[in-house]
Amino acid sequence: MTAFDEKLCLVVPCYNEESRLDVQKFLMFLNEFSDVDLIFVNDGSRDRTLDVLNHLKSNSNRIQVLSLNVNSGKAEAVRQGTLAAFNLKYKYIGFWDADLATPLSEVKGFMQTLDEKPEVHLVIGARVRLLGRKILRSWNRHYLGRVFGTFASVALNLAIYDTQCGAKIFRATETVHKVFNMPFHSRWIFDVEMIARLGASGLPKSSIYEWPVQEWSDVKGSKVGAKAFLNAGFELVYLWFTYRPKW
């Protein structure tokens, strides 16, 4: 796997995804987009996820598998995969949920935004229920998400709609690299901490762009429950006091 002639590397964190990982969709995506590579990070899975990933890797030389010995959480899995991608000198790097709740077809819109807007460092997927879009989300998760999104917007002092969509792509700059150098304090809302770190680095708010995805759907087997929302609240308070004064 070589990246010097490539454009984008997507990091896909995986924890116990043996039964949910759609191998064919990832392979079809690589066939359609020749300028994209994938790094799958096995986050200490207890099932046969690593076997599935190694099988997937055997079907394409544009796939790399990174395996963590113990379950460290999505934040650390994404961080380790992102640092590995930085070492390969990509122009753009991003991370994408393994369950493909956000279809890989959305990548094109993210990349177009980065290509056309050089001032943008980070493109975030936003699950907005607009006419003409197919956003299938349970009512309870939708409204809990809206409550959290409002508090996150206040904590960040940033008019952001959706911090938690599992689809994000950023420009592989030294500033962004520094964001991932240190482990995240947040286990549940590291996405918010990532945005907060970008703000604390001195980048203007205009460097972050939300892309309303055309399609998104809840996938059975989500590992995010009510406890996660409670923990997210405590972590948000920590981020408020740690990063808000710096932005």
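How many helices and how many strands make up the secondary structure of the protein? In this predicted model, the secondary structure comes to eight helices and nine strands.

**The protein as a whole**

The C-alpha atoms of the protein fill a box of roughly 45 × 40 × 35 Å along the principal axes. A compact globule of 247 residues would have a radius of gyration near 18 Å, and the protein, which has 17 Å, agrees with that expectation. Buried residues make up 52% of the 247 residues. When the contacts with a separation of 6 or more are considered, 82% of them are accounted for by residues 24 or more positions apart.

**Helix 6 and helix 7**

Two packed helices are described by the angle between their axes and the distance between the axes. The axes of helix 6 and helix 7 come within 10 Å and cross at roughly 130°. Because an angle of this kind is neither roughly perpendicular (65 to 115 degrees) nor roughly antiparallel (over 145), helix 6 is oblique to helix 7. Helix 6 passes helix 7 in a right-handed crossing.

| Helix | Residue range | Residues in the contact |
|---|---|---|
| Helix 6 | residues 174–181 | V176, V179 and F180 |
| Helix 7 | residues 190–200 | M194, R197 and L198 |

Sorted by class, the contact of helix 6 with helix 7 has five nonpolar residues, no polar residues and one charged residue.

Notes: Residues are numbered from 1 along each chain as its sequence is written. This is a predicted model: local features need pLDDT of at least 70, side-chain atom pairs count only at pLDDT 80 or more; totals for chains, interfaces and linings use all residues. Side-chain values use heavy atoms; hydrogens and water are left out. Axes are lines fitted to C-alpha atoms, for helices over the stretch in contact, and angles run from 0 to 180 degrees between N-to-C directions. Helices (H or I, at least four residues) and strands (E, at least two) are DSSP runs, numbered from the N terminus. Angles under 35 degrees count as roughly parallel, over 145 as roughly antiparallel, 65 to 115 as roughly perpendicular and the rest as oblique. A crossing is left-handed if the near helix is turned anticlockwise from the far one by less than a right angle, and right-handed if clockwise. Contact means heavy atoms within 4.5 Å. Ala, Val, Leu, Ile, Met, Phe, Trp, Tyr, Cys and Pro count as nonpolar, Asp, Glu, Lys and Arg as charged, and the others, Gly among them, as polar. The radius of gyration is taken over C-alpha atoms; the globule rule is 2.2 Å times the number of residues to the power 0.38. Buried means under 20% relative accessible area, exposed over 50%, partly exposed in between (1.4 Å probe, protein chains only).
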